[in-house]
Amino acid sequence: MKITIIGAGIIGTTSAYYLAKTGHDVEVIERQDGPGLETSFANAGMLTPSMADPWNDPSVLTTLLTSLGSSHSSFKLRLKALPSMVFWGLSFLYNSRKKLYYKNLHRSADMACYSLELMDDIRENLNLNYDQITTGSLKVFRDLESLEKLTKLSQELDQHNMRFQVYYGEELLKIEPSLAPVMGGIVGGVYFPDDQAGNAYKFTSEIEREATQHGAKFHYGVSVEKLIKKGGKITAVKTDQGEFLGDAIVLAAGSYSTPLAKAAGLNVPVRPAKGYSITVPLNGWNGGPKMPIIDDGFHAAISPLGDVLRIAGTAEFAGLDESLTKDRVDNMYDLLLELYPDFEPYLEREKVTEWAGLRPLTVDGSPYIGKTSIDNLYVNTGHGPLGWTMAAGSAKMLSDIIDGKKPRLDESAYSLERA
Ligand SMILES: Cc1cc2nc3c(=O)[nH]c(=O)nc-3n(C[C@H](O)[C@H](O)[C@H](O)COP(=O)(O)OP(=O)(O)OC[C@H]3O[C@@H](n4cnc5c(N)ncnc54)[C@H](O)[C@@H]3O)c2cc1C
């Protein structure tokens with residue numbers, strides 16, 4: 001079958017790999033000059049089923065209200081985004097009801113765990129280098145109440161065989177000695193030994209090479225303008241460089257999937273949640289963490305990725321706006337120096353890459369994967385804060401659906417029909 005994929009982020013590229021490997025004739029259309037240059041470029045790098053909990057937990061409304069006006073808050077809503085957020089926002093809040101929250105949590109955890117199994121296979125069978133680490137991840141806390149809350153959540157995730165270990169006070173140093181200088185402010189943490197990490201951009205580039213070896217063709221610098229629909233199916237993908245045809249079309253354009261689908265009369269309720277990162281060269285410093293550290297108080301993470309540290313976090317609803325806001329970027333520097341004050345002499349700001357990307361967020365925290373109401377149009381988008389974690393599982397599920405095979409996970413749970 002001839003398959004045209006729109007978007008060469010981590011999701012579109014990994015989908016291209018599985019589909020081309022199965023023998024399909026795959027083409028990928030990407031407006032950037034290479035793979036993984038938008039949201040998949042400088043994320044926190046964590047492959048963390050342990051973070052499958054949707055953002056809209058039952059306390060989200062209080063969090064949103066208390067965060068208004070604070071530059072350190074986890075959420076920020078910009079006025080210009082409001083009109084596009086009303087219905088979506090109400091549905092986001094509706095999904096924070098306890099029963100739905102737990103249903104959504106387990107759906108995301110299923111996909112995240114499945115994905116990590118596939119990542120193990122990929123690492124075993126392909127010779128990829130993406131600064132991968134399999135040392136787990138650690139969430140640290142500055143108050144006992146939040147630590148207890150995560151401990152309860154981790155017990156809930158037990159049914160997914162997700163191992164975890166709670167450490168109080170100085171015990172933490174047994175697994176992450178680099179935190180010694182700041183232990184005064186930290187009451188404890190939860191260690192997840194099965195989590196992984198790696199550079200999502202490098203992985204996307206490497207899996208693109210593998211997809212190409214299976215015959216996939218990537219067209220860079222080509223912008224999709226419109227999906228042309230006739231008689232209930234997509235007959236062509238109109239781009240700034242002519243039309244592309246395919247028996248099946250896959251929309252994997254991250255947050256931009258929504259406007260492209262809308263123009264074809266299809267509702268894909270994904271909203272961009274902007275996040276920030278800084279990528280900091282280690283400059284010979286060797287006092288850093290050996291695994292990603294998530295600081296609950298800062299709502300941000302520090303990940304060691306090869307010879308750099310990546311500090312990432314925060315969520316800002318500002319529409320399709322990728323510009324950098326100074327106070328949000330400064331939060332990333334603050335976290336770095338709060339956890340690793342000894343790094344200050346090694347920090348050379350002119351060598352730091354500051355970045356923002358748009359997480360494609362759904363109201364229930366899980367992606368939309370598979371068929372749509374338009375005959376030959378498929379989606380693979382809406383992975384929110386876990387697109388790197390869920391990429392392999394989502395791509396394999398899409399490939400199975402297109403092939404008419406039964407996916408490992410229940411495809412109806414991830415279908416766009418639930419929107
Ligand atoms: C600060 C931050 C930290 C994060 N940390 C993590 C983490 O630690 N772990 C994790 O699992 N996830 C994390 N994420 C989430 C993850 O990065 C995203 O879920 C993932 O990158 C989404 O991938 P995607 O392929 O759907 O989107 P993208 O990477 O944005 O890819 C979509 C592609 O479509 C292309 N495109 C769009 N419109 C068009 C068009 N009209 N024509 C042609 N091409 C088009 C774009 O150029 C882009 O390359 C983080 C995100 C952010 C912002």
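This is a predicted model: local features need pLDDT of at least 70, side-chain atom pairs count only at pLDDT 80 or more; totals for chains, interfaces and linings use all residues.

Modeller: The crossing of α1 and α6 is left-handed. The partner α6 covers residues 200-213, and the axes of α1 and α6 lie 9 Å apart at an angle of about 25°. Angles under 35 degrees count as roughly parallel, so α1 is roughly parallel to α6. On the α1 side, Ile10, Thr13, Thr14, Ala16, Tyr17 and Ala20 make the contact, and they meet Ala200, Phe203, Thr204, Ile207, Glu208, Glu210 and Ala211 of α6. Sorted by class, the contact of α1 with α6 has 8 nonpolar, 3 polar and 2 charged residues.

The other partner to consider is α9. Here the angle is about 40°, and the axes of α1 and α9 are 8 Å apart. That angle makes α1 oblique to α9. The crossing of α1 and α9 is right-handed. From α1, the contact uses Ile10, Ile11, Thr14, Ser15, Tyr17, Tyr18 and Leu19. From α9, the contributors include Gly387, Trp388, Ala391, Ala392 and Ile402. By class, this contact of α1 with α9 has 11 nonpolar, 5 polar and 1 charged residues.

There is also a ligand. It is surrounded by 41 residues, and the closest are Gly7, Gly9, Gly254, Gly275 and Gly387. Both α1 (10-21) and α9 (387-402) are among the elements that give two or more residues to this shell, along with β2 (25-30), β14 (271-281) and β18 (353-361). The shell around the ligand has 19 nonpolar, 18 polar and 4 charged residues.

Conventions. Residues are numbered from 1 along each chain as its sequence is written. A residue is near a molecule or strand if its C-beta atom, placed from the backbone, lies within 6 Å of it. Helices (H or I, at least four residues) and strands (E, at least two) are DSSP runs, numbered from the N terminus. Ala, Val, Leu, Ile, Met, Phe, Trp, Tyr, Cys and Pro count as nonpolar, Asp, Glu, Lys and Arg as charged, and the others, Gly among them, as polar. Axes are lines fitted to C-alpha atoms, for helices over the stretch in contact, and angles run from 0 to 180 degrees between N-to-C directions. Angles under 35 degrees count as roughly parallel, over 145 as roughly antiparallel, 65 to 115 as roughly perpendicular and the rest as oblique. A crossing is left-handed if the near helix is turned anticlockwise from the far one by less than a right angle, and right-handed if clockwise. Two residues are in contact if their C-beta atoms, placed from the backbone, lie within 7 Å.
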